[in-house]
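Please keep the sequence and the structure in view while reading.

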Amino acid sequence: MDPPQGSPQSSPDAQGSRQRSMDASQGLRQPLMDTPQGSRQPRQQQYQPRRPDPPSGGDGLFNAVVTIFLFVLVVVLLVSSSTTGSSLSILHQVPEGHVGVYWRGGALLEATTDPGFHWKLPLITQFEPIQVTIQTDQVRDIPCGTKGGVMISFDKIEVVNRLRKSYVYQTLHEYGVYYDKTWIYDKIHHEINQFCSAHTLQQVYIDMFDQIDEKVKDSIQADCTRYAPGIEIISVRVTKPNIPVSIKRNFELMEEERTKALIAIEKQKVAEKEAETQKKIALSEAEKNAQVSQIQMEQKLMEKNSAKRQEEIENEMYIAREKSQADADFYRVMKEAEANRLKLTPEFLELKFIEAIANNSKIFFGEKVPNMVMDQRLLLGNFLDGISKKGRLDV
């Protein structure tokens with residue numbers, strides 16, 4: 001039944017309460033039921049608990065907003081960035097190349113954590129990641145004065161360093177989280193000013209500029225080894241300093257003149273090298289000719305030696321041949337003499353004498369001819385007698 005016009009509509013809660021009251025009154029008015037024995041007993045009232053009313057549309061949206069807000073709040077409290085070090089976070093992350101360092105009530109704890117997720121007490125423990133890998137710190141705008149009073153400045157100096165993992169607690173306990181400000185940034189300013197004040201502009205800008213890196217590195221490392229052994233200085237890179245424009249122009253002019261002098265020296269070296277090359281070529285040519293002459297002379301000498309040896313061989317052959325011939329002649333003569341000695345008998349000599357007389361075609365006339373023949377016969381007989389006596393003496 002529609003409500004009368006002009007009267008406000010009843011709310012759902014009011015309608016539900018009226019309905020419940022009507023149900024209760026109807027339950028009291030129900031008649032008594034007969035029992036099986038015929039006795040009449042009053043009917044027990046069945047009570048059903050009241051179901052809660054479904055929430056309206058406005059209440060559901062409010063509950064959803066509250067749930068989302070609570071979820072976001074829980075996420076913010078549980079998970080925080082590894083670099084914020086929020087004291088409200090429970091779960092935190094240590095990035096790779098770092099170790100986790102913790103403070104409890106402002107006191108540094110000795111325990112450190114490795115990279116990864118870790119738990120801590122919120123509001124009580126503070127967390128900070130400390131890098132233990134190689135890092136490069138850049139120190140900028142470093143003014144300094146040279147020994148001559150000229151003000152110069154270094155735009156940038158890079159320091160490659162590393163904090164040893166085993167010395168993290170000791171270093172942070174003595175120098176805090178910003179230990180590099182004490183031992184790198186401030187130390188670089190001090191060492192650069194010390195170096196500049198002990199050297200002239202010429203030395204700082206040109207002569208000893210290549211030594212600044214090593215000198216500054218060795219000085220910083222010596223102090224760190226003594227006072228902060230956990231800091232390792234790997235290298236230092238120093239940029240060219242800024243000097244006044246007028247002085248820079250003078251240096252540029254000096255460099256131009258030095259370049260010209262170097263060019264002249266290089267030209268002289270080139271000329272000397274060319275002359276030396278020509279000299280080496282001439283010496284090489286002379287040595288070649290000398291070697292050729294020596295080879296030719298040795299060749300001729302070998303030919304002469306060969307000819308000499310050949311002549312010696314021929315002479316030896318001739319001497320041997322002549323000696324053999326002489327020996328043969330001597331042997332022949334000796335044999336002939338021996339044969340003649342055997343032939344020289346009186347009978348053989350007389351025969352030869354008669355043959356010689358017979359073969360003589362000359363005829364001598366006069367009274368002396370017989371005498372000549374007899375004289376010759378007498379001579380022959382005397383000769384034969386001498387031979388006979390000699391033979392007997394030999395025997």
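Asp141 is found in strand S8. The model is a predicted one, and in it the phi of Asp141 is near 50 degrees, a positive value in a residue other than glycine. Is Asp141 buried or exposed? With a relative accessibility of 56%, Asp141 lies over the 50% cut-off and therefore counts as exposed. Leu123 has a positive phi of about 65 degrees although it is not a glycine. Leu123 belongs to the loop between strand S6 (116–119) and S7, and its relative accessible area of 60% makes it exposed.

S8 (135–145) is part of an open sheet of three strands, ordered S8-S9-S10 with antiparallel pairing. Ten bridges pair S8 with S9 in the antiparallel sense; in one of the pairings, Gln135 has Asn161 in S9 as its bridge partner. The two strands S8 and S9 form a hairpin with five residues between them, and Gly149 in the turn takes a positive phi of about 95 degrees. On the other pairing, S9 and S10 run antiparallel and are joined by seven bridges, and Asn161 stands opposite Ile233 in S10. Helix H4 packs on this sheet, where it touches S8, S9 and S10; the direction of H4 makes about 35 degrees with that of S8.

Gln221 lies in helix H6 and touches Ile231, Glu232 and Ile233, leaving aside residues up to four places away in sequence. Which side of the burial cut-off does Gln221 fall on, buried or exposed? Its relative accessibility is 18%, and because buried means under 20%, Gln221 counts as buried.

S4 and S7 run antiparallel and are joined by seven bridges, and His98 stands opposite Gln131 in S7.

Which residues of H3 are buried? In this helix, which spans residues 168–175, they are Val168, Thr171 and Leu172. Seen down the axis of H3, these buried residues fall within an arc of 90 degrees, so they line one face of the helix. The spacing has a simple background: an α-helix has 3.6 residues a turn, so residues three or four places apart point the same way. The buried residues of H3 pack against S4 (98–104), S5 (107–108), S7 (125–131), S9 (151–163) and helix H4 (179–197). Just after H3, Gly176 takes a positive phi of about 80 degrees.

Leu172 shows this packing in detail. Beyond residues up to four places away in sequence, Leu172 touches Val101, Trp103, Leu108, Ile130, Leu163, Val177 and Tyr179. Leu172 is also one of the residues with the most contacts inside the largest nonpolar core, together with Phe154, Ile157, Ile188 and Ile192. That core has 39 residues. At least two of its residues come from each of S4, S8, S9, H3, H4, helix H5 (201–207), helix H6 (209–227) and strand S10 (231–238). H4 gives the largest share of the core, seven residues.

Seen as a whole, the protein has nine helices and ten strands. Of its 395 residues, 19% count as buried. Among contacts between residues at least 6 apart in sequence, 66% join residues at least 24 apart.

How values were computed: Residues numbered from 1 in each chain as written. Predicted model: local features only at pLDDT ≥ 70, side-chain atom pairs only at ≥ 80, totals over all residues. Heavy atoms only, no water. Buried < 20%, exposed > 50% of the residue type's maximum accessible area, 1.4 Å probe, protein only. Helix = DSSP H or I, 4+ residues; strand = E, 2+ residues; numbered from the N terminus. Arc of directions from axis to C-beta. Contact = heavy atoms within 4.5 Å. Core = buried A, V, L, I, M, F, W, Y, C linked by side-chain atoms within 4.5 Å. Pairing = 2+ DSSP bridges. Axes fitted to C-alpha atoms, helices over the stretch in contact; angles between N-to-C directions.
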